[in-house]
Amino acid sequence: MSGNGISRRYFFFGSLLAGTMPAQGLRSVASLKALGYKSPNEKLNVASIGAGGRAAADIAGVAKTENIVALCDVDEKRAARTFAKYSKAPKYKDFRVMLDKENKNIDACIVAIPDFMHATVAMHAMERGKHVYVEKPLAHTVWECRRLQQAANQYKVATQMGNQGYSNEGTRQCAEMIWSGVIGNVTEVHAWTNRPVWPQGLPDLPATAPVPPTMAWNLWLGIQKKRPYSPAYAPFNWRGFFDFGDGALGDMACHALGAPNMALRLTAPTHVELVKIEGSSKYYYPNKSVIRFDFPARGNFPPVKVYWHSAMKGAPSIPGVPKDAILGDLSPSRQPQHSTTSNVEPRERQIIGAVFDAQAYFHPHAVPHSSAGSSSSNGALFVGDKGFITTGHTGQSTRLIPVDRMKDYQFPPEMIPRSPGHYRDWINAAKGGPPACSNFNVAAPLSEWVILGTVAIRCQGGLDWDSENLRITNNEEANNLLSPTFREGWTLS
C-alpha cells in the first residue's frame, strides 16, 4: 500500500480507465439516495424485458439476491416457465406499458431480447432513471452503441453488458500476463467460434406461417418494418438475419474478444476488412467469414491486427504455433478434478487449472491420449514476439503456448480488482458502488467495433473508419448501415 492509502493495483487500473467510468461510486450518501440508489442491504426491484431464452438465465442470476417485480415478453410460450416461477410479478407484452405502469416499483431493468431492439428498450428504461443490464452485443448498430453510452452518462445510471467473460479471473490474468511482457509485443490476435449454429447464407427469405396465438408478432417486430411471421425468425434463428441480429459476431465476439479488448487496451480500429466469405446472401449473414480489424498504436502498445473467424471446427492455423497445441476452450475431460475444491480461491483454481493442463503433457495418463492436439472451436490466441497466450471463449483457462511454459510459471501480481460476479458487479453499481466492469463506457466502444464488422460483411470490402466522427470515409453507401431505420411510430427514445 502506498503512503497515501492507494494500492498499486488500484492506481494502475484506476489510471487505465480514467475518464471512461462514471463517478457514482464517489457520490455522497444523500446524493445517491436522491438519485434513487439503495444501500447495499436493500434489495433492488428489477424488471426484465425478455423472460424466455437467455433472459431466463439473467433473471435467475439477479434473483439470487434481488427482487423480480415485473416481467415482459412478447412470446407467452417461450416465457411460460419464467412466468410461472415468478407468479406474483405482473406480466406484460409491451415494455412501454410496463415501464409506464410499474415505473414507481422498478429500480433496474434487464434487457435480454433480440439485438435489434436492445437500444430502443434500454433507452426507454434509462430515460426513466432505471439502471440497465443489456445482453451482448449492446446494440444492433454502431450509432445506437454511441447513443447508449451518451445516455448512460447523461442519466447517471448503473449499466452492464452481458459479456460475462469480462468478469472472469482468466480475463484479468490474461491482461496482467500481457502487461508483464511474458510474450512481448502483441501484434496479432485471432479469435474464433463455431457459430453460426443457425441457418445463414440462404438466398431467399423463409416461408411464412400463421402467427402463433401466444405471440404478439407486431410487438416482436418493434422498430423493424412489418412483414409476415415465420418460425425461421422467432424465437431463435433471428440472429442470422441482417434485419434482426448481428450473426456470429453479435453472439460470440463480445465474449471471445473481451480479453483482447481489456489486455491490449483497444480503442477504435482505423480499418476493418472482410478477408474471406463463403455463402453470401442478400438477407442473411454468410455461412463463414474472416474479418480483420486494424488498430493503431495505443500508448506503449504497438499496432495490432485482430482477426475474427466464424464457423470454425477448430482453431485457425497460425504460423509458429505448435501443431499439437490445444487452443481455446478446454473440454470438460481436460479440466482438473481438484480445481473446483471449495476451499480454493478463484485465482488459485485458475492457476491450478492451467498448471494441471500443462502437467498433462508430462504425465500422459492425466488426460485421455486421444484429446492431445485437439483445439476447441471457440477461443482466442495472442501472438507476441516472445510467444503465445490462449484463452477460452470467455477469457477462461488462460495459459501460455507452448503449454510446457506453464510448468513453473508464476502469474504476475494482481493489478486489476477481481470481480464479485458479473451480475453482482452491476447490482453493486446500482446501489452506489463503483461502475461495473462492462459498463457502457467500456461496453459501447467494444460493441461499436465488433458491430462494424457486420458492416464490412454487408459491404464485402475494406472500410476506413473515422471513430471520432462516426463515419466510414471510403464508402459512402456503407454509412447507411451505421444506424437503424425506425418504423413509423418508433424512435430510439
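**Burial and helix α10**

Let's start with a term: a residue is buried when its relative accessible area is under 20%, exposed when over 50%, and partly exposed in between, with a 1.4 Å probe and protein chains only. Helices (H or I, at least four residues) and strands (E, at least two) are DSSP runs, numbered from the N terminus. With that in hand, look at α10: 10 of the 10 residues of this helix are buried, so α10 is largely enclosed by the rest of the structure. Its buried residues include Gly-247, Asp-251, Cys-254 and His-255.

A word on the model: this is a prediction, where local features need pLDDT of at least 70 and side-chain atom pairs count only at pLDDT 80 or more, while totals for chains, interfaces and linings use all residues. Residues are numbered from 1 along each chain as its sequence is written, and side-chain values use heavy atoms, leaving out hydrogens and water.

**Cavities**

A cavity here is a set of points, on a 1 Å grid over the protein atoms alone, where a 1.4 Å probe fits but cannot get out; lining residues have an atom within 4 Å of a point.

Which helix gives the largest share of the lining of the largest cavity? That's α10 (residues 247-256), with three residues. Elsewhere in the lining you'll find, among others, Pro-196, Tyr-285, Trp-308 and Ile-457. Sorted by class, the lining has seven nonpolar, four polar and one charged residues, where Ala, Val, Leu, Ile, Met, Phe, Trp, Tyr, Cys and Pro count as nonpolar, Asp, Glu, Lys and Arg as charged, and the others, Gly among them, as polar.

In soluble globular proteins, nonpolar side chains tend to be buried together. A nonpolar core means a set of buried Ala, Val, Leu, Ile, Met, Phe, Trp, Tyr and Cys residues joined through side-chain atoms within 4.5 Å. The largest one here holds 111 residues, of which Ile-178, Trp-220, Trp-308 and Phe-382 touch the most other members. Helix α14 (residues 440-459) is the biggest giver to this core, with 12 residues. Apart from that core sits another, of 22 residues, among them Val-46, Ala-158, Trp-426 and Ala-430.

Two strands pair if DSSP finds at least two bridges between them. Six strands make an open sheet with parallel pairing, in the order β3-β2-β1-β4-β5-β6. Its edge strands are β3 (91-92) and β6 (159-161), each pairing on one side only.

Strand β1 (residues 45-49) runs parallel to β4 (residues 108-111), joined by four bridges, and Val-46 stands opposite Ala-108 in β4. With β2, β1 pairs in the parallel sense over five bridges; there, Ala-47 has Ala-70 as its bridge partner. Five of the six residues of β2 (residues 67-72) are buried, so this strand is largely enclosed by the rest of the structure.

**The mixed sheet and its loop**

Another open sheet takes nine strands, in the order β13-β12-β11-β7-β10-β9-β8-β14-β15, with mixed pairing. At its edges stand β13 (399-401) and β15 (471-472), each with a single partner strand, so one side of each has no neighbour in the sheet. Inside the sheet, β7 (residues 186-192) and β11 (residues 379-384) run antiparallel with six bridges, and Ala-191 stands opposite Ala-380 in β11.

Pro-296 is partly exposed at 30% relative accessible area, whereas Asn-300 counts as exposed at 79%. The C-alpha atom of Pro-296 is 8.7 Å from that of Thr-267, 29 residues apart along the chain. For Asn-300 and Asn-185, 115 residues apart, the C-alpha separation is 9.3 Å.

A cis peptide bond joins Lys-136 and Pro-137, with omega about -15°; Pro-137 is in the loop between β5 (131-134) and α7 (142-155). Another cis peptide bond joins Arg-195 and Pro-196, with omega about 15°.

Ser-397, not a glycine, has a positive phi near 55° and counts as buried at 11% relative accessibility. Gln-460 also has a positive phi, about 50°, but is partly exposed at 45%.

Conventions: 1 Å grid on protein atoms, 1.4 Å probe; cavity = no way out; pocket = protein on both sides within 12 Å on 5 of 7 lines; lining within 4 Å.
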